[in-house]
2 protein chains.
Amino acid sequence: MPWRWPTSACAGRWPRPGLRDLGASPRRCWISSRRRICRSSRGSGWRRSTLRVCEIGEFPLIERLCGRLKVRSPGLVVGPGDDVAVVECGEGFELLTVDSQVEGVHFLLDRVDPFALGRKTLAVNASDVASSGGVPLFALVSLFLPPDLEVAWLERFYDGLSAEADRLGVSVVGGNVSRSRVLAFDLALVGRVERDKLLLRSGARPGDRLFVTGHLGDSAAGLKVLLEGAPDGLSGADADYLLGRHLLPSARVKEVRAVLERFTPTACVDLSDGISSDLHHLCRSSGVGALLRASSLPLSGPLRRACALWGIDPLDLALRGGEDYELLLSVRPEDVPHLEGLGFPVQEVG
Amino acid sequence: MPWRWPTSACAGRWPRPGLRDLGASPRRCWISSRRRICRSSRGSGWRRSTLRVCEIGEFPLIERLCGRLKVRSPGLVVGPGDDVAVVECGEGFELLTVDSQVEGVHFLLDRVDPFALGRKTLAVNASDVASSGGVPLFALVSLFLPPDLEVAWLERFYDGLSAEADRLGVSVVGGNVSRSRVLAFDLALVGRVERDKLLLRSGARPGDRLFVTGHLGDSAAGLKVLLEGAPDGLSGADADYLLGRHLLPSARVKEVRAVLERFTPTACVDLSDGISSDLHHLCRSSGVGALLRASSLPLSGPLRRACALWGIDPLDLALRGGEDYELLLSVRPEDVPHLEGLGFPVQEVG
């Protein structure tokens, strides 16, 4: 997703102002020890300041950075701000998105199966393409590799990437390899969609009804199982289900295409940050408000049972837990009957 | 470039077998402390082995990884192995490429001007599109940011990115932001080219003649000035020129398009790893041999003067120095006259 910030990372959220959670040594500043280098660049319009990335917050940072860009190519349909960028491509549209997985932020090396990570690295991007109504087609993957990483680990990661690519019909067409002190993966994905099937965040209208695919909160519960262990009394099958929903999310490509064969929703967003946050994005982009019926949120049996054992409210995970990668659809009232009998769960939530 | 390995990095090349140059603590292995996680993934076809990424070498690693992928989308024209991946797009072709800049590998935070780095991050990708005959159009940029990075530094990076995007006519259409212990940038670039103007590495034929744009070796000399300082006696203008060639490379987009207005070369590659290495790639892809006339390599005055002061052979930098981002063109003998009067230097080298 262009300009998505990681908010549901294993290692927690972006640190609050003043917090230094990574134990990094104070970074040397960019004032060059060789003045000549600075002079050889165009202009010198930058000044030292004390404001740091961790102190500014996600959206203000992105706004500041995007404000410095001039987005003006012919052929550009939707720039930064939606789940994908949209550009003209022949008779249809092309969808462009990128997302990364960083060790210690999105995954813990000693707790993740590389096969699952490979699948997830592609799936989270495919989810953005799905939320735009499109079909993912071509991926570029950048590897940032510590020299002492085991080759077998990386091969296993690729097996997962390959399995997910097969599942989705995606070709991994190229990539880049770089040495790095931190293991990370960055995947850029190209999808395509017919002009009349493009779904954006911004199309919702007053009177529309809201639906979600699948179940919410499972991924957050899976992360909790991963980090804290399963609660006493939870069955192995339930724990496996929740872990799988966190480690092996499914991009809802088939689902959105099945919907689009019947009608075109007015707006769509994938639930990567939690429905409370993602619905807010959809409403803001569309200029509408929304009433979410919390009691209607689809909760899975394993989630209910795990939360009962933990003594926490499953609605909390369903509302604010991220990385479910289900779709939130805004639907005209007259199109609601088309959602029946699709063969997968779609629940009205508002 | 799909699957390019960094060979001309500031901090040196990929370490030799056994070498551990990053001071990383021994990495914990991926054997999960929770068996359940492993079981929840598909299969378990990976085994611990001691072979590490630093011990295998660039191309064997890439071959092993690519061998695990099934590349088979309809619409895919050229997969991993060339400067770009090529896919069908309407009546023409689309070019996809990605490249990254990692702190401590590709740049040193205390020696780089963020403006120059922003420009270079885009330019090195645009060079791959240029070497395929195309025009770069849309970029996605992934930021890996340490929390204590100064916002002003990042804004300056974006000013450079924006300046280069303007120069090339590229729109930065989206991106991703992630927390990371290591500062890094990954940029994926989409270009387009007419079907009859696509240039690959694989088209060179026996009897073709070889030409390069611009001058070679300047970037390697600029890197040497950056790391060791300018040699005593070198003028400020010469040092600036060499530094600029390293820090602010120019993608030869206009140049290749000017050539393509007159005729279509049989093959092309951009000189990112040094002509001795890149010519080898071109020959291997095309199934031909080549005779390079070292005495014909175009050397700039500043390079000759700096090397004389250092007491080294400028040919050495021209042959093996990377990151010149000039183009090496393979041209049919009958097309050679078309290269005259183009308005920029093109030198026959073999």
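Author: What follows concerns a predicted model, and we can begin with its aromatic pairs.

Reader: How many aromatic pairs are there over all chains?

Author: Counted over all chains, the structure holds eleven aromatic pairs. One of them joins B:F157 and B:F185, whose ring centres are 3.9 Å apart.

Reader: Is that pair stacked or edge-to-face?

Author: The pair is stacked, because the ring planes of B:F157 and B:F185 meet at 10° and planes under 30 degrees apart count as stacked.

Reader: Which parts of chain B does the pair link?

Author: The pair links distant parts of the chain. B:F157 belongs to helix 5 (residues 151–168), whereas B:F185 lies in strand 6 (residues 184–193), and 28 residues separate them.

Reader: Are B:F157 and B:F185 buried or exposed?

Author: B:F157 is buried, with a relative accessible area of 0%. B:F185 is also buried, and its relative accessible area is 0%.

Reader: Turning to chain A, which residues do ring pairs link into a cluster?

Author: The cluster consists of A:F107, A:W153, A:F157, A:Y158 and A:F185.

Reader: And what sits over the ring of A:W310?

Author: The charged end of A:K224 does, at 5.0 Å from the ring centre. In chain B, the charged end of B:K224 sits over the ring of B:W310, 5.0 Å from its centre.

Key
Residues are numbered from 1 along each chain as its sequence is written. Chains are lettered from A and ligands numbered from 1 in the order in which they are written. This is a predicted model: local features need pLDDT of at least 70, side-chain atom pairs count only at pLDDT 80 or more; totals for chains, interfaces and linings use all residues. Side-chain values use heavy atoms; hydrogens and water are left out. Rings of Phe, Tyr and Trp (its six-membered ring) pair if their centres lie within 6.5 Å; planes under 30 degrees apart count as stacked, over 60 as edge-to-face and the rest as tilted. Helices (H or I, at least four residues) and strands (E, at least two) are DSSP runs, numbered from the N terminus. Buried means under 20% relative accessible area, exposed over 50%, partly exposed in between (1.4 Å probe, protein chains only). A charge sits over a ring if NZ of Lys or CZ of Arg is within 6 Å of the ring centre and within 35 degrees of the ring normal.
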